[in-house]
Each structure stands twice: as structure tokens, then as C-alpha cells.
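These are my notes from going through one model.

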Amino acid sequence: MSEPTSPPVAEKRDHSYSYHGITISDPYHWLKDQSYPTVDDEDVLTYVKAENAWFETRMKGQQPLVDELFEEMKARIKEDESTVPQKDGDWLYWSEFEEGAEYRKYYRRPVSGGDAQLILDENELAEGHEYFRLGAFSVSKNGRYLAYSSDTDGSERFTARIKDLETGELLPDTIPGTLTGLTWVMDDTAIVYGLANEQWRVHDATLHVLGTPVSEDVELYRESDNDGFRVSAGLTAQEDWLVIAVGDNETSEVRLVRADDPTGEQILVSPRLKGREYDVDVRDGVLYVHTNDDHVNFRLATASLEAPGEWTTLIEGSDEFYLDGFELFKDFYVTQGRLRGLDQVQLRSYEDASDMTPIAFSEASYTAGLSNNPEYDMQKLRLSYESMVTPDSVFDYHVATGELELLKQQEIPSGYDADLYQVERIEVAARDGTMVPVSIVSRKDREQGGPLHLYAYGAYGFAYPPNFSTTRLSLVDRGFAYAIAHVRGGDDLGRNWYLQGKLNERTNTFNDFVDVAKGLIDKGYTTKGRITASGGSAGGELMGVVLNTDPDLWGAVVAHVPFVDVLNTMLDKDLPLTPGEWPEWGNPIESKQAFAYILSYSPYDQVIAQDYPPLLVTAGLNDPRVTYWEPAKWVAKLREYKTDENELLLKTNMGAGHGGKSGRFASIYEVAEEYAFILWQMGLSE
């Protein structure tokens, strides 16, 4: 097959829709396969494959650089890597990568001593599949059974299986289409799971008794609100109660039922109230409730099981400290959150909530939190810690002495000298005067005003962490500064930071990113046109907006699985995520104001005739979160309107979903392609 000599041009077909007296023309609507989630329309596939062929043709000349970057990134990975063993009951559990392997092996050995036992091999499960992802992984309390689930095409529909760890045999029990954890109940004779419905939403908590047909499984709960609420299940700290939680992006509701009698009477903790979130745990019959009912940054309260809706404050909400979670243990409990945007881990006494011991971390910018702590009686807390210059580190915190013991730090076989790098945390003023934090890593010998890569996410209250990245070093070692903009839409500075970037304040997120870029120029970190930018999913939406509003700022942009056809998606209530997303973005079906506001920034709808910077776009054909046609339509429209000769490339993974290719080497190869594109477009590929 000959290489294409020009980019594909998508056919325009008449299509329009009207809401609230407004008619929108959408000539690339046909790229949405009407039989989705099956994608078999030959016209659609032909176009997507043509874009892939153009990507391959244009990137061919950069293949030596891609290979160089890939080998560089691969050399930073310790191929025979293992996690730190952790005790759970009578066993120590850990996982390992073997040299050259794409996937993990999971092991255990008796605490009392003995040989290691291989309990699951992802490589074996992945054999013959272009894509593999392990979902749930849950060992029964008695240690005999392993319940796990896997996805082999990226569609996020997992098949659950049960393995007898004494015999090594798989039980005949097979549950297809799951999309939740697998929770052991009834003295390890049954599991609770949830199924993905046609819209990829879980509306059930269902009980499966081992050895019985799946057709006889019992629904413990079914959510009747089909417009976005999802169901999940788990156990309390002492594993005596099953928690059935229901919620969307802003409202939650919880039921409790005895784990040894899951079909018994359920306790409704408190009926749902729009805009109120809460989650619960139970210790010795006392209910602990984490809720935002009287403070945006949440409080922690207690209640009795007899009156579960009557909450008494234990820790008050605070303007300064954002309480984003808690965990109960036998002799103490832990609160986690952020203070001035930095992660906090605090030990507290059951006798006196004001008796609080913070675990201190010394760096100016970092990410830290509880790691794997599977037992109720923990005298050593397992913690994770990293920063933009400190590799991923595993600590045990000795509760009795306050000692922080380093157990393991990520090894970089090709070598890494942290003293070559520096991390800064600065603030940049947005156009409305709000100070936006920015975390920056660079080499100490970097040229002032050199190239800078800017990254952000900015949605769903997700605080993008200032973490360590071995792949990022390939840009930083080539003279880039790498900056993370902690824009509104995440909850980096508390819950209000999130609320100021959603619904009718969504454009704050986009403005923050642009203003951070301009601020970094003003502060001398870089110059106009020398900033590259990237983001994925909702961060890809961010890329789409800032390309439209400030195209001349960017030297090159990469948008991964970008949520760019926002208006169309929010108008399609049959799509997997849409109803649950209305609290985040607004409901343009019911609200003319929401329709007009989303239309005003939706990247696909706001493409105009102007010069755009070089752009690489990625997509996944099986992606249920950002459907493949969003980036496909966007690229088709950009090709029609843009007035420049800059590169515009679209790569669609034909056998993967939202996260791109699976496997540790396949995934970093895609990063190598991204960085090669950036370096090429910045004139730094030689």
C-alpha cells in the first residue's frame, strides 16, 4: 500500500440539530457510528485508518528519535521490579515485573515462613490480546480464593473469575460485564459485584454465591435513577458491614447491611439531598461520616447505627484544611487532605479528636498519602511519597515512635542524580486576580527562557499531583522546564477551587491555563511560542479551548483522548457518561443558558478560520469515556478551517480505550512518540 501524499479530507454531510431555538450545523456527525459501541461503518473505519496512515507517514522521518526516546525511557525502568511485601492475615503479598515483561505477576508467601506462591500472572492472561487490563483483585479473608476481573479490549467491561489458591484451579464461576470491585461476604462464600449497563453505568449491587449459576445471583440493590447515579460496594474497616454507596458527581447516599447476612435488612444512613456528599465507615458500632453538609471543605461526624442520620461533629470543616478522606484503624484513625495545596496525613486519637499528629514532609512540593494498609490493627502505616525530583518512595510510619522508615525508592538503572534538578512552586495571577499555583521542575543548568512544557487537567475535583516521572526527564534533560498548572476545576486548594471551575464557572479553568502560560513568560521562564502544552480527556478539552482562544502562545500541543465535542456529548443522554456528567458541565437539553454557555467554549464548535499551532491528537476506538468520534470530528473540522501549514496528526488506537495501549513498554512508546512530535515541532529533534 502506497504512502499518502496529503492528509485525509473528511466528507461533509448535511446534518443539523436545534435546541432552544438555536440550530447547529454538524457536517461531520456521520463519523459517529450509529451502531456504537460496535464500530463497523466502513466509511468511518476508512477515515480513521486514513488518519492513522497519515500519522505514520508524517512521523516516519522521526522514527530514529522515537526509538532513541523509547530506549532512553526504557533504560530508566528497572525491568525486574517488585513491590514491597505487605502483610494481610497469614500471608505477605507483593507483585513483580520480570525482565522484558509487559505485565505483572502477583505472589504471596506465609508470614510464618515458606516458599513464594504465584497467585496470578497478568502476562499469561494478556497472551493473544492486543490490550489487557486487570480490574478488581481481591483475596478472600481466609486466604483461599482470589476474585479478579480483566478487560481485553479497552471497553471497560470486565470479566470476573474466581481462583482457588490452594489448588491453582479456576472455579467455573464466570461473571461477564462487571465494572466494580469484587467484595467478599458471607464468610468468603460469596462476592458482591456490579454490572456495566448499556451506558457503561453500574446500577446494581449483586450477590454471587460461589458454585451457583450466575442466573441465580441476587440483586441486593438497584438504583432507580437512571440519569447518572452509580452504585459501588465495599466493606467497613472491621469488615463486618457491607457498604452500598450510590452517587453522582455531587450527591451521595449510603446503605449498610451485615456482611455475614447481605440479603438481610439494610440501614439507610441518610436519604440523598442534592449537592450533599457523604461517605461512611463503622467502628465498634459507631458510624463515622465524612460530609460537606455544613462546610464546603467537609467535616467528620459520628452517629449511632440506631439513628444513623443524626450526625454529631467530630472535626469541624475548615477554610484552611481540606479534609478529603479518612481511614479507621484499631487504635487510631487517619485524616487526609490538603493544606495550602500540599498533601497532609494526620493521625488522630479516638478519645480526643484534637489530639492530632501530622506526618511531616520536607519538600516544597510533593504528593503523599496512605498506601496499602489492608489490616484493621496496623502499628506501622504504609505510606507513598514522591515529588517532581524524588522518585516514588515507600515508607513505613511507626505509630509508636513517629519514625518514618524508607523501605524502597524507585530505582533508575540508567542513573539519576537528583542534585541536577530543582523544583519550584510559584503562583501566577489569573486575569480575575486569583493566584494559581504552578509546580515546575527543571535542570539547574537550564538556559533561562528556554522551552517549557505546560500540563494541566482541571476537572472533577482531581488535584493533579506534582509527582515524579521517568519519561518526563527526556524533555527536562533536553532543556525544557516542565510545569504543572494547578488550575481551578481540580481541588488542589480545596473544594471551592473545584467549584470555581465547573458548570457556569468552567471558563476559569481555561483562563487560568492561558494566564499561567503568559505569567511564565513574564517571569522569564520561557518566551512566546516556546511553550508546548498537553492534556488528556477533560485536560484534552482544555487543550482544545486554548488552541481556539490563544493559538499563537503554543509551539506545539498534544491532546490525548480529548473531550472536545462537549455540546453534542452533553446533548446525548444515551451516551455512557452523559447523565452523570450534567452536574459537572450542565444540562443543555433542559437549560438554554447551559446550552449557550457550553456552546461558547466547546472546542469543536468554536473552531474558526485562523492559524493553529502544530497539533497531535490521540484517540481509542473502544474508549467509552471520550468516544473516538470526538477527536475524529475535531480533527476533520480543523483540517477544513485552519489557515496554516502546521502539522495536524490524529492517531487512533484500534484495539484500546481511554488509557491508550496497555503494558508498561507499549505505553511508554506512545510517550516517546508524543515527545518526538514536540521536539520535532520545536526544531529540537536533531
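I looked up H2, residues 63–75, which has 13 residues and reaches 18 Å from its first C-alpha to its last, close to the 18 Å expected at 1.5 Å a residue (the expected span is 1.5 Å times one less than the number of residues). Helices here are DSSP runs of H or I with at least four residues, strands are runs of E with at least two, and both are numbered from the N terminus. The buried residues of H2 are Leu-65, Val-66, Leu-69, Phe-70 and Met-73 (buried is under 20% relative accessible area, exposed over 50%, partly exposed in between, with a 1.4 Å probe and protein chains only). They lie on the same side of H2, because they cover an arc of only 135° around the axis, taken from the directions from the helix axis to the C-beta atoms. Among the elements covering them I noted helix H1 (42–59), helix H4 (473–476) and helix H12 (664–681).

The model is predicted, so I note its limits: local features need pLDDT of at least 70 and side-chain atom pairs count only at pLDDT 80 or more, while totals for chains, interfaces and linings use all residues. Residues are numbered from 1 along each chain as its sequence is written, and side-chain values use heavy atoms, with hydrogens and water left out.

I found S4 (residues 91–96) and S5 (residues 105–110) antiparallel and joined by six bridges; strands pair if DSSP finds at least two bridges between them. Tyr-93 has Arg-108 in S5 as its bridge partner. S5 also runs antiparallel to S6 (residues 117–121), through four bridges, and Tyr-106 stands opposite Leu-120 in S6. Six residues lie between the strands in the hairpin of S5 and S6, where Gly-113 takes a positive phi near 115°.

Is Ser-138 buried or exposed? Ser-138 counts as buried because its relative accessibility is 15%. I place Ser-138 in strand S7 (residues 133–139). Not counting residues up to four places away in sequence, Ser-138 touches Tyr-145, Leu-146, Ala-147, Leu-182 and Trp-184 (contact means heavy atoms within 4.5 Å). Its side chain reaches the backbone oxygen of Leu-182 at 3.1 Å.

The largest nonpolar core has 79 residues, of which Leu-454, Phe-513, Leu-520, Trp-554, Leu-615 and Trp-634 touch the most other members. Apart from that core lies another, of 37 residues, including Met-73 and Val-389. A nonpolar core is a set of buried Ala, Val, Leu, Ile, Met, Phe, Trp, Tyr and Cys residues joined through side-chain atoms within 4.5 Å.

Definitions and conventions:
Polar contact = N/O pair within 3.5 Å; in protein donor to acceptor, adjacent residues only side chain to side chain.
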